[in-house]
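Subject: Structure handover and findings

Hello,

Here is the structure for your files. My notes on what turned up follow below it.

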Amino acid sequence: MSDHADYSGMAALTICEALLLALNDHKLLPEHEIVGVLQDAAAAHENALGTEAERKAHQAVVSLIRRIIAGGNSVRSV
């Protein structure tokens with residue numbers, strides 16, 4: 001993956017996490033719904049088809065999303 005794609009992915013992740021936090025902060029979505037959104041996102045990658053490299057990439061995405069769910073968010077500093 002190119003540096004540009006890495007940076008784009010990191011930016012997208014940060015923006016999405018910030019949006020989910022804002023939805024929760026403004027009481028538009030409760031935390032369990034946000035976790036559900038993340039679980040749905042992981043499920044979309046769980047059984048993805050493709051080449052071996054593509055399947056490995058999808059599994060890495062699943063792993064990352066599960067770490068986000070388990071560890072809270074990475075946007076807001078504690």
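Of the 78 residues in the chain, 14% count as buried. Buried means under 20% relative accessible area, exposed means over 50%, and partly exposed is in between (1.4 Å probe, protein chains only). The accessible surface of the chain is about 5,900 Å², and 62% of that belongs to carbon and sulfur atoms. Those areas come from the Shrake-Rupley method with a 1.4 Å probe; for residues, only the protein chains shown count as cover.

Some ground rules. This is a predicted model, where local features need pLDDT of at least 70, side-chain atom pairs count only at pLDDT 80 or more, and totals for chains, interfaces and linings use all residues. Residues are numbered from 1 along each chain as its sequence is written, and side-chain values use heavy atoms, with hydrogens and water left out.

Overall layout

The chain has three helices and zero strands. From the N terminus on, the order is α-α-α. Helices (H or I, at least four residues) and strands (E, at least two) are DSSP runs, numbered from the N terminus. The C-alpha trace spans about 40 × 25 × 20 Å along its principal axes. Take contacts between residues at least 6 apart in sequence: 49% of them join residues at least 24 apart. Contact means heavy atoms within 4.5 Å.

Helix H3

H3 covers residues 52–71, 20 residues in total. From its first C-alpha to its last it reaches 28 Å, close to the 28 Å expected at 1.5 Å a residue. That expected span is 1.5 Å times one less than the number of residues.

Which residues of H3 are buried? They are Val 62, Ile 65 and Ile 68. These cover an arc of only 120 degrees around the axis, which puts them on the same side of H3. The arc is that of the directions from the helix axis to the C-beta atoms. Helix H1 (3–25) and helix H2 (31–46) are among what covers them. The face turned away from the buried side carries the exposed residues Ala 53, Lys 56, Arg 67, Ala 70 and Gly 71. After H3 comes Gly 72, with a positive phi near 85 degrees.

The core

The largest nonpolar core has seven residues: Leu 20, Ile 34, Leu 38, Ala 42, Val 62, Ile 65 and Ile 68. H2 and H3 are the elements that give two or more residues to this core. A nonpolar core here is a set of buried Ala, Val, Leu, Ile, Met, Phe, Trp, Tyr and Cys residues joined through side-chain atoms within 4.5 Å.

Leu 20 is in contact with Ile 34, Val 37 and Leu 38, leaving aside its neighbours within four places in sequence. Leu 21 is found in helix H1. Leu 21 is buried, at 16% relative accessible area. From Leu 21 to Glu 31 is 10 residues in sequence and 9.0 Å in space, C-alpha to C-alpha.

Salt bridges

How many salt bridges does a search of the whole structure find? It finds two. The criterion is a side-chain nitrogen of Lys or Arg within 4 Å of a carboxyl oxygen of Asp or Glu.

One joins Arg 66 and Glu 46, with the closest N and O atoms 2.7 Å apart. Arg 66 lies in helix H3 and Glu 46 in helix H2, so the pair ties together parts that are 20 residues apart in sequence. Arg 66 is partly exposed at 46% relative accessible area. Glu 46 is partly exposed at 29%.

Arg 55 and Glu 52 also meet in a salt bridge, 2.5 Å from N to O. Both lie in helix H3, three residues apart, about one turn of the helix. Arg 55 is partly exposed at 35%, and Glu 52 is partly exposed at 46%.

Other residues

Lys 27 lies in the loop between H1 and H2. Its phi is near 60 degrees, a positive value in a residue other than glycine. Lys 27 is exposed, with a relative accessible area of 74%.

Asp 6 sits in helix H1. At 30% relative accessibility, Asp 6 counts as partly exposed. Asp 6 and Arg 66 are 60 residues apart in sequence and 19 Å apart in space, C-alpha to C-alpha.

Best regards
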